[in-house]
Structures are given as structure tokens and as C-alpha cells.
Amino acid sequence: MQRKKIHDREFEVYLTSTQIQSRLKEVADQISNDFRDDQLIILGVLNGSFMVLADLSRYLNLPVSCEFLKISSYSGTQSTGKITSIIGLNIDLTGKSVLIVEDIVDTGLSMKFLLDELQKLNPKKISIMTLLFKREAFRYNYPLDYVGFEIPNKFVVGYGLDYDGLGRNLPDIYQLCTS
Ligand code: IMP
């Protein structure tokens, strides 16, 4: 198994780029079908979703608007549980169908915050796409409409996900080694 050292920790490959791309194509087909009669806004949550959104959007067979926003709730390998505010969203969502695109839903706190904030902007519908989902860590019960992979409750990096600022540019996803 190919290992990588990032800062002080060892990581091993968990999902290859080929697996990620093939799953994104499947999810994109599903989204294209579900929104074929709609004008969709795909809303990437920065920084983590920049790779997912870039690849997913290219597999969509739909005319979509791509928008981005930023929130922050994490540092290091453990959730701080702190949420700041939404930055950078300056479009009108009134009456629009919005697909939030995330790299990972862990406890679900960031997404809950985002959902509550975006609902205030009176969209027609909000759906969620996340590449990774840690079901064991999830503390809420709102639905996740499109999930790439359910993964165990272990820290991962790569393909947009970072460990203290590093690892986002890796094409594969790596999991923290326990030994
Ligand atoms: P949540 O609010 O606990 O769901 O965490 C969501 C955010 O925490 C994600 O958008 C990521 O930025 C970050 N995060 C959660 N788990 C991981 C992980 O395993 N690796 C890297 N970042 C993570």
C-alpha cells in the first residue's frame, strides 16, 4: 500500500483517482436526470470542494451555474465544533434550485449551518451532494441526496481535503494510518 507523510502523520491510499472519477460519473448521471427540467445552481463549499465541483460539473449533462462560498469549522484532525459565517455568496437564490457540493460530511454541523442560512434566502429547493460521508460521525437527520462514498470515521486527506493546509492537491484520497 502506497503511504504518504503529511506533516507528522502517515497516510495510506483509501480511494484511487480512478474510483473517484468513476463514482462521480455515476452521481453526475443521476443529477443530470433529476434536474433535466430545471435551471440548477451548483454551489461549491470552499476550500474542500474545489476538485469535486470541477470534476462533477464536467460530467453533468445540464446547463448549470457554478457558484462558490466559504465557511469554516475545522482545524487539525478533530472538529472544533465552531462555525463562522458564510463568505462570498452574492447571488440571488430566490426561487432557484440549488445543489450544495461538499467534499465531506462528518458530524454534519457545517452542512446544517449552511442549510439553515440558505433556507433564509428563499430558494425553490436545496439538495446536497457530498463526495464522502462519515455516517458514524453524523449527528443530524437531514437527508443527503447524493453521496459518493460512505467511509469509516477516520481522518482522510487528498482530492480537496487537507490536513492542516496540506494534501488538497493529491488526486487520490488517503486515510490516516493507525499503525
Ligand atoms: P462537519 O461539520 O463535522 O461535517 O465537518 C465538515 C468539514 O470538516 C468538511 O467540509 C471538511 O472541511 C472538514 N473535515 C471533516 N472530516 C474531515 C477529514 O476526515 N479530513 C479533512 N477534513 C475533514
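Q: What makes β3 and β4 paired strands in this predicted model?
A: Two strands pair if DSSP finds at least two bridges between them. Seven bridges join β3 to β4, so the pair meets that cut-off. The two strands run parallel. One of the bridges links Leu40 to Val64 in β4.

Q: Which strands form the open sheet, and in what order?
A: Five strands form it, in the order β4-β3-β7-β8-β9, with parallel pairing.

Q: Why are β4 and β9 called edge strands?
A: Each has a single partner strand, so one side of each is left without a neighbour in the sheet. β4 spans residues 64–70.

Q: What is the average twist from one strand to the next?
A: The twist averages 20°.

Q: How do you know that α1 packs on the sheet?
A: Contact means heavy atoms within 4.5 Å. α1 touches β3, β7, β8 and β9. The direction of α1 makes about 160° with that of β9. Helix α3, residues 109–119, lies across β3, β4, β7 and β8. α3 runs at about 165° to β7.

Q: What makes the 28 residues a nonpolar core?
A: Members must be buried, of a listed nonpolar type, and joined through side-chain atoms within 4.5 Å. Buried means under 20% relative accessible area. The largest such set has 28 residues. Ile31, Met129, Leu131 and Leu132 have the most contacts inside it. Elements giving two or more residues include α1 (17–34), β8 (125–133) and β9 (146–150). α1 gives the most, with five.

Q: Which residues belong to the second, separate core?
A: That core has 20 residues, among them Phe113, Leu114, Ile126 and Leu144.

Conventions:
Residues numbered from 1 in each chain as written. Predicted model: local features only at pLDDT ≥ 70, side-chain atom pairs only at ≥ 80, totals over all residues. Heavy atoms only, no water. Buried < 20%, exposed > 50% of the residue type's maximum accessible area, 1.4 Å probe, protein only. Helix = DSSP H or I, 4+ residues; strand = E, 2+ residues; numbered from the N terminus. Axes fitted to C-alpha atoms, helices over the stretch in contact; angles between N-to-C directions.
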